[in-house]
Amino acid sequence: VAMMLQAFLDIPLPKSGEMDGEPERPLRVIARQPVFLVAVLSGMIGYGTMSLLMTATPLAMVGYQHIFDDAAMVIQWHVVAMFLPSFFTGGLIARLGVLRVIMAGVVLNLGAVGLAATGVAVWNFWLALMLVGVGWNFMFIGGSSLLTTTYHPSERAKVQATNDFLVFGTVATASLSSGHLLYTFGWQSVLMTALPALVLALTAVAWLGLRSRRVLAEA
């Protein structure tokens, strides 16, 4: 079904004015922008955290003697939490600003880790994965939106490709590491692995927000 829908997708080629408006910069110059770094980091950590926790959760639940139906229910609601907010995430970004939305996503993920660490009842897993789903949505969509402000039209393809490589490389690493961490060190180790990355994201977004305010104050 996805392939059939994509067959009707028509992405217009860049107009000549768009391509000639600005000189194309080397990728290393674009990547040194603070906004670029925070945008990519948001996508990497948001998606990586989601993949790490989502992959391990059903395995952990079965390991804690929960029935398969409960594990399936938790993942089902997690998927709903991932995509349902998309109907209003764009509006929140327009109203509150992209950095606030990304920050909210980080806080939701931190809350999920804290909640999951307090117990292994079904409701712990269910609510934690719900928070992770919404947190992923805010961080990934927010980071993707922020990334579009870092390049000229002529640079779009290579910047998006670089972002996708870094984000989905992180996702693959997190997914492959999740089962090993769970099997070798236990559920708490999976949670603690996500924690430093989320703190890094929180620090990066806060730093960019303060930096932006300082630049505006000096203008």
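A: In this predicted model, helix H6 (residues 86-96) packs against helix H7 (residues 98-117) at an angle of about 125 degrees. Their axes lie 6 Å apart. Angles over 145 degrees would count as roughly antiparallel, and 65 to 115 as roughly perpendicular. H6 and H7 are therefore oblique to each other. On the H6 side, the contact is made by Thr89, Leu92, Ile93 and Leu96. H7 contributes Val98, Arg100 and Val101. By class, the residues of this contact divide into five nonpolar, one polar and one charged.

Now the loop between helix H4 (34-63) and helix H5 (68-83). Gln65 sits there. Gln65 is not a glycine, yet its phi is positive, at about 70 degrees. Gln65 is also exposed, with a relative accessible area of 67%; the cut-off for exposed is over 50%.

Helix H9 (residues 156-185) comes next. H9 has 30 residues, so at 1.5 Å a residue it should span 44 Å. The C-alpha atoms at its ends are 42 Å apart, which agrees. H9 does bend, by about 30 degrees, at Ser177. Its buried residues are Val159, Asn163, Val167, Val171, Ala174, Ser178, Leu181 and Leu182. Just after H9 comes Gly186, with a positive phi of about 100 degrees.

Notes:
Residues are numbered from 1 along each chain as its sequence is written. This is a predicted model: local features need pLDDT of at least 70, side-chain atom pairs count only at pLDDT 80 or more; totals for chains, interfaces and linings use all residues. Side-chain values use heavy atoms; hydrogens and water are left out. Helices (H or I, at least four residues) and strands (E, at least two) are DSSP runs, numbered from the N terminus. Buried means under 20% relative accessible area, exposed over 50%, partly exposed in between (1.4 Å probe, protein chains only). Axes are lines fitted to C-alpha atoms, for helices over the stretch in contact, and angles run from 0 to 180 degrees between N-to-C directions. Angles under 35 degrees count as roughly parallel, over 145 as roughly antiparallel, 65 to 115 as roughly perpendicular and the rest as oblique. Contact means heavy atoms within 4.5 Å. Ala, Val, Leu, Ile, Met, Phe, Trp, Tyr, Cys and Pro count as nonpolar, Asp, Glu, Lys and Arg as charged, and the others, Gly among them, as polar. The expected span of a helix is 1.5 Å times one less than its number of residues. The bend at a residue is the angle between axes fitted to the seven residues ending there and the seven starting there.
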